[in-house]
Amino acid sequence: MRVLATAGHVDHGKSALVRALTGMEPDRYEEERRRGLTLDLGFVWTRLDALGDHLAFVDVPGHERFVPTMLAGVGPVPAVLFVVAADQGWQPQSGEHLAVLDALGVRHAVLAVTRSDLADPEPVRADAVERLADTSLGKVASVAVSAVTGTGLDELRTELARLAGELPAPDPDADVRLWLDRAFTVRGHGTVVTGTLGAGTLRVGDRLVTGDGSAVLRVRGLQSLHEDREAVSGVARVAVNVHGPGDTGLRRGQVLLSPDRWRATEVIDARIDGEPVAELPRQVTLHLGTAAVPVTVRPLGTDTARLTLARPLPLRIGDRAVLRAPGGGRPPRGVTVLDVRPPRLTRRGAARARAAELAALTGHPDPAAELRRRGLIRRADLTAMGVPAPAEPVTGDWLADPAHWAELRDRLSIEVERHARAHPLDPGLPTEAARRLLALPDRALVDALAETSPRLRADQGRLFASDNSRPALPPAVDAVRQDLDRTPFRAPEAGRLAELGLDHRTLAAAVSAGALLRIADGIVLLPGADAEAAAVLRALPQPFTLSEARRALDTTRRVAVPLLEFLDAQGHTERVDDQRRRCRSGPGSGGGRESNPFFHPIVTCGDAENRDNTARFDDAGCQ
């Protein structure tokens, strides 16, 4: 199927012409037929043998009061049948309709000079052809016709078939964006909406989302040209029976979309045709598809502006629309969408810089350039803007400009090294802190950067320089460790810690780095001391008391009480009653300090069991 809209001045015979071509009545209301005046959109069709397919018409009103309705009719349609009457010639609404088509960038048309039985059509034809040639329509075929006598109808059908055959074939796999021109209720079926499907395919059972994302509707039935269909591909006139929450609130100007494929926006940057943008009123109406939305204009350059919409619309880069001042009086202005996710203009000079950037944009999606401008963007968001993904994601759904990605990797290495220098006891930069430092939107991006950097390694949610195998410990921590080497279960007193200058923060850093093991607040031992203590206690007669444990471990009550509670929590020991504990067997009962890189066991040179390993323990004095 191909779909055309009519265009032209009121009372120039548009409806009579399509009635003669199709044998169908385009005026749906009794008042329209009584007054001979089209008030609303009409829909008729015919089969053209030369085309081998159906040709449908959206018949629009020609009166100046109904220009918004005319815009709703031609907005989603790729071609027009432009009508001028031979006995009246070019009229004001002929000019306004042509200006609308030019603003929309319509490039396909046939000119019909009607009422050729009432006056010589040639002067009017020559004038109209010349006027159309100065617009986006260019030079068009023209036919003189009479809907009354039938003169020229066959020739017009031939030209319409030729035009329809030259229209570009839409993509049947494109994302659906169905602008609604009617919505009504059918008893026994519920809500039915109609519109011109420009591209993509609708199927019974499909899910569609409303333009504001407030509701998901199911397609219960489809009709095209009054025939039930299981699937319809654009371009086509369709009637869709939908069901779901909010379906009764649908009306002209709304839109149904493929789920998860579009992003509605309230702010766009656009190129505006015609006179300088500064001459536009601040408040105008944007016409796109069948929608008419008030917008606020902020001029940026001579022909570019930021438009703030009164309600969000699903727009993509390259979309064509029309700006029209309220009440008419000014020529409509064509709009080409350049950016549907523009940056905020908050700094001094930002608007001027943005105007310079927009001057280089054409409105044709450039995937590599779009990614370069944004640096990082989700693939789904880029696709929703109408831009194909230029590369594979760096992680998940994230796309990254190669140069920006390399810069981020270098910055991450610098931040990791800076953190290590500032926190020698805690050299690992937390992943979340790295995300904030680089202002990244997703922590997965930090992980991906680290994986691709030879200068970094990740370990348990922290990032380290690849050559940083062990944190450098200050002498005070080494002194504590030496004390504990001599008496493993006699944790240093508060006075000893103060004497060494070890405050709470430094101790916490040493614990985080694995240099010390925190048993309780102010109580630290060597890593692995818990497993060693469990081994000592396991050698006692079971169960044992706190005093027996304290003597076996050669420690004080200050340390023994929290140490036993720590062992309980680790699963090494358990209470029997208020006075006694016993050791448990199981996963929590094994291990030792040997598994920690900071552990150096105390050995003697005569210890036969360790003599073979003395070369590893230089600091024990065995050489």
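Strand β1 (residues 2–7) and strand β3 (residues 53–59) pair in the parallel sense over 4 bridges; two strands count as paired if DSSP finds at least two bridges between them. Ala 5 stands opposite Val 58 in β3. Helices (H or I, at least four residues) and strands (E, at least two) are DSSP runs, numbered from the N terminus. The model is predicted, so local features need pLDDT of at least 70 and side-chain atom pairs count only at pLDDT 80 or more, while totals for chains, interfaces and linings use all residues. Residues are numbered from 1 along each chain as its sequence is written, and side-chain values use heavy atoms, with hydrogens and water left out.

The pair β1 and β3 belongs to an open sheet of 6 strands with mixed pairing, in the order β2-β3-β1-β4-β5-β6. At its edges are β2 (42–48) and β6 (141–144), each of which pairs on one side only. Neighbouring strands of this sheet are turned by 25° against each other on average, direction ignored. Helix α1 (residues 14–22) packs on the sheet and touches β1, β2, β3, β4 (80–85) and β5 (109–114); contact means heavy atoms within 4.5 Å. The direction of α1 makes about 160° with that of β3. Axes are lines fitted to C-alpha atoms, for helices over the stretch in contact, and angles run from 0 to 180 degrees between N-to-C directions. Helix α5 (residues 122–133) lies across β4, β5 and β6, at about 155° to β5.

Of its 8 residues, 7 are buried, so β14 is largely enclosed by the rest of the structure. Buried means under 20% relative accessible area, exposed over 50%, and partly exposed in between (1.4 Å probe, protein chains only). Strand β8 (residues 190–197) runs antiparallel to β14 and is joined to it by 7 bridges, with Val 192 opposite Asn 241. Strand β11 (residues 216–224) also pairs with β14 in the antiparallel sense, over 5 bridges, and here Gln 223 stands opposite Ala 239.

Some backbone geometry deserves a separate look. Most residues other than glycine have a negative phi, and most peptide bonds are trans. Asp 260 has a positive phi, near 65°. This residue is in the loop between β15 (255–257) and β16 (264–272), and at 67% relative accessibility Asp 260 counts as exposed.

Thr 431 lies in helix α11 (residues 431–437). With 6% relative accessibility, Thr 431 counts as buried. Neighbours within four places in sequence left aside, Thr 431 is in contact with Arg 443, Val 446, Asp 447, Gly 461 and Arg 462.

The next region is built around an open sheet of 3 strands, in the order β29-β31-β30 and with antiparallel pairing. β29 (544–545) and β30 (573–575) stand at the edges with a single partner strand each, so one side of each has no neighbour in the sheet. β30 and strand β31 (residues 580–583) pair over 3 bridges, and Glu 574 has Arg 582 in β31 as its bridge partner.

Helix α18 (residues 557–570) lies across β29, β30 and β31, running at about 105° to β30. The 14 residues of α18 reach 20 Å from first C-alpha to last, close to the 20 Å expected at 1.5 Å a residue; the expected span is 1.5 Å times one less than the number of residues. Its buried residues are Val 559, Ala 560, Pro 562, Leu 563, Leu 564, Phe 566 and Leu 567. Just after α18, Gly 571 takes a positive phi of about 90°.

The axes of helix α16 (residues 529–538) and α18 come within 10 Å and cross at roughly 95°. That makes α16 roughly perpendicular to α18, a label for angles of 65 to 115 degrees, with under 35 being roughly parallel, over 145 roughly antiparallel and the rest oblique. Asp 530, Ala 533, Ala 534 and Leu 537 in α16 meet Leu 563, Leu 564, Phe 566, Leu 567 and Gln 570 in α18. The residues of this contact divide into 7 nonpolar, 1 polar and 1 charged (Ala, Val, Leu, Ile, Met, Phe, Trp, Tyr, Cys and Pro count as nonpolar, Asp, Glu, Lys and Arg as charged, and the others, Gly among them, as polar).
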